[in-house]
Amino acid sequence: MKFYIVDVFTQEKYAGNQLAVVIETGLLSTQQMQKIAKEMNYSETTFITSTNVREGGYDVRIFTPEQELPFAGHPTLGTAYILQKEIIKNTVNKIVLNLQVGQIPVTLYYLNESVEELWMQQKPPSFHQTFAADVLAQVLSLDLIEIDSKYPIQEVSTGIPFIIVPLKTHASLQRIKINRDKYFELVRNTQAKAILVFCPETNKSENDLAVRVFADAVGVPEDPATGSANGCLAGYLVKYSYFGTDSIDLRVEQGYEIGRPSLLLLKAQQTDTEIEVFVGGNVVMVASGEFV
């Protein structure tokens, strides 16, 4: 079996979110995949179980070190990049991944025959329970006044649910310290096991929002770049007209606080029946090898 290490949502190596992609894993059991993901110890590892197309897509499974996921953002883009570069080896414009959550299409854009950007269309967001601000203030070790009360704290899902928390300032975002007892008390009774916190102030002036994502319950204390969570955020921003419009086209930074600066691109719009969400970014190859 071959494996590849890529950085996703980055412009250079050793930034963004690292991903391991393993090819031709059809003979592996679920337990073996889980063991490999734990040994790799990235936030996610993906397994391309066959290089043959089935129903227009490639069968892929996604694992954290602790569990299998039905969907995740940076593994979807990173796996599509490896499929194009190492399996298909042609300048195709779309690759479909067959995931547990369903088929996720990825659109590829090229510069000088090399993949420059990849975009995925996520499932339309669904909106669930809301939370009291004082509860999340305790989880994040912030003062209640630092949470932006103009918008709700809400559970949103495009395949994986996240609790979305709006803050007023970048200073508050930077000084978050997760109270693990309060965090696990919260997620014990919620569908969502991860928290996305955002604010309108950024490290780089060309970006529109800064984000942090915490998911200790699934083995990721803090994630450097989270496509699924930012897809939920995109739906949230449109639903509540955060920028005063029913569509967005944004640059979102994440991972600065843990030394893995990332850039995610978000587009979303309200149609007559639902919110369409697209998440994009770049992928860079880091390393490759074989299991022996």
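Q: Which residues are buried in helix α1?
A: In this predicted model, M33, Q34, I36, A37 and M40 are buried in α1, which spans residues 30-40. Buried means under 20% relative accessible area and exposed over 50%, with partly exposed in between (1.4 Å probe, protein chains only). Helices (H or I, at least four residues) and strands (E, at least two) are DSSP runs, numbered from the N terminus.

Q: Why do they line one face?
A: Seen down the axis of α1, the buried residues fall within an arc of 160°, so they line one face of the helix. The arc is taken over the directions from the helix axis to the C-beta atoms.

Q: And which exposed residues are on the face turned away?
A: That face carries Q31, K35 and E39.

Q: Changing topic, how many aromatic pairs are there?
A: The count is eight. Rings of Phe, Tyr and Trp (its six-membered ring) pair if their centres lie within 6.5 Å; planes under 30 degrees apart count as stacked, over 60 as edge-to-face and the rest as tilted.

Q: Why is the pair of F198 and Y236 edge-to-face?
A: The ring centres of F198 and Y236 are 5.9 Å apart and the planes stand at 75°, so the pair is edge-to-face. F198 lies in strand β12 (residues 195-199) and Y236 in helix α6 (residues 227-239), 38 residues apart.

Q: Are those two buried or exposed?
A: F198 is buried, at a relative accessible area of 0%, and Y236 is buried, also at 0%.

Q: What conventions apply?
A: Residues are numbered from 1 along each chain as its sequence is written. Local features need pLDDT of at least 70, side-chain atom pairs count only at pLDDT 80 or more, and totals for chains, interfaces and linings use all residues, while side-chain values use heavy atoms, with hydrogens and water left out.
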